[in-house]
Amino acid sequence: MSYSDTLLRQVLTETKTIAAVGVSTNPVRPSFYVARYLSLRNYTLFPINPAYEGEQVFDRTILGGLPALKAMGQTPDMIDVFRRSDQAGAVVDEALDLWGGDLKVIWMQIGVEDAQAAARAEAQGITVIMNRCPKIEYQRLFGELRMGGFNTGLISSKLPRA
């Protein structure tokens with residue numbers, strides 16, 4: 001799977017609301033620090049995890065599932081999937097049942113791939129990104145990794161604009 005920097009930049013720029021499915025309250029878990037980072041970048045984050053339902057994280061109440069978000073009248077721009085590959089299809093199908101083509105993006109985290117679920121979402125006009133991390137891509141594409149001394153593969157004397 002190859003995604004152009006243009007596509008990734010467009011997704012990260014146009015996305016405003018993210019449902020983070022599988023978020024953890026444990027600060028050493030990737031789902032915690034990725035979701036925290038995204039919330040600090042002014043994305044409206046809806047944490048989803050039935051194991052932590054009702055608990056607070058990043059000044060938000062963790063919801064037990066995507067139907068609770070739908071019941072609030074919310075349609076996220078992005079579903080960020082922090083589940084194993086064998087569970088990703090169920091998350092995608094639930095999101096499609098709830099919002100269908102009103103979703104813009106389904107993003108599966110590093111190590112998470114389900115080509116069949118991706119095809120079902122893409123058939124409804126939804127952009128699907130698999131095996132990537134929005135935090136890493138944001139940092140790479142918007143100049144934050146360069147500030148840390150990482151070679152991003154982008155050559156510029158200017159920081160990219162958001």
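**Close-up views of a predicted model**

View 1. Thr61 is partly exposed, with a relative accessible area of 39% (buried means under 20%, exposed over 50%, and partly exposed in between, using a 1.4 Å probe and protein chains only). Its place is in strand β4, residues 60-61 (strands are DSSP runs of E with at least two residues, helices are runs of H or I with at least four, and both are numbered from the N terminus). This is a predicted model, where local features need pLDDT of at least 70, side-chain atom pairs count only at pLDDT 80 or more, and totals for chains, interfaces and linings use all residues. Residues are numbered from 1 along each chain as its sequence is written, and side-chain values use heavy atoms, with hydrogens and water left out.

**View 2. The surroundings of Thr61.** Beyond its neighbours within four places in sequence, Thr61 is in contact (heavy atoms within 4.5 Å) with Pro47, Gly54, Glu55 and Gln56. The side chains of Thr61 and Gln56 also make a polar contact at 2.4 Å (a pair of N or O atoms within 3.5 Å; within protein, one must be able to donate a hydrogen and the other to accept it, and residues adjacent in sequence count only if both atoms are side-chain atoms). Between the C-alpha atoms of Thr61 and Ile48, 13 residues apart along the chain, the separation is 8.8 Å.

**View 3. Leu66 in the largest nonpolar core.** This core has 47 residues, of which Leu66, Ile79, Ile106, Trp107 and Met108 touch the most other members (a nonpolar core is a set of buried Ala, Val, Leu, Ile, Met, Phe, Trp, Tyr and Cys residues joined through side-chain atoms within 4.5 Å). Helix α4, residues 85-99, gives the most to this core, with six residues. Leaving aside neighbours within four places in sequence, the contacts of Leu66 include Ala19, Val21, Ile48, Ile79 and Trp99. In soluble globular proteins, nonpolar side chains tend to be buried together.

**View 4. Lys135, a buried residue in helix α6.** Lys135 lies in helix α6 and is buried, with a relative accessible area of 17%. Apart from neighbours within four places in sequence, Lys135 is in contact with Tyr33, Val34, Tyr37 and Leu38.
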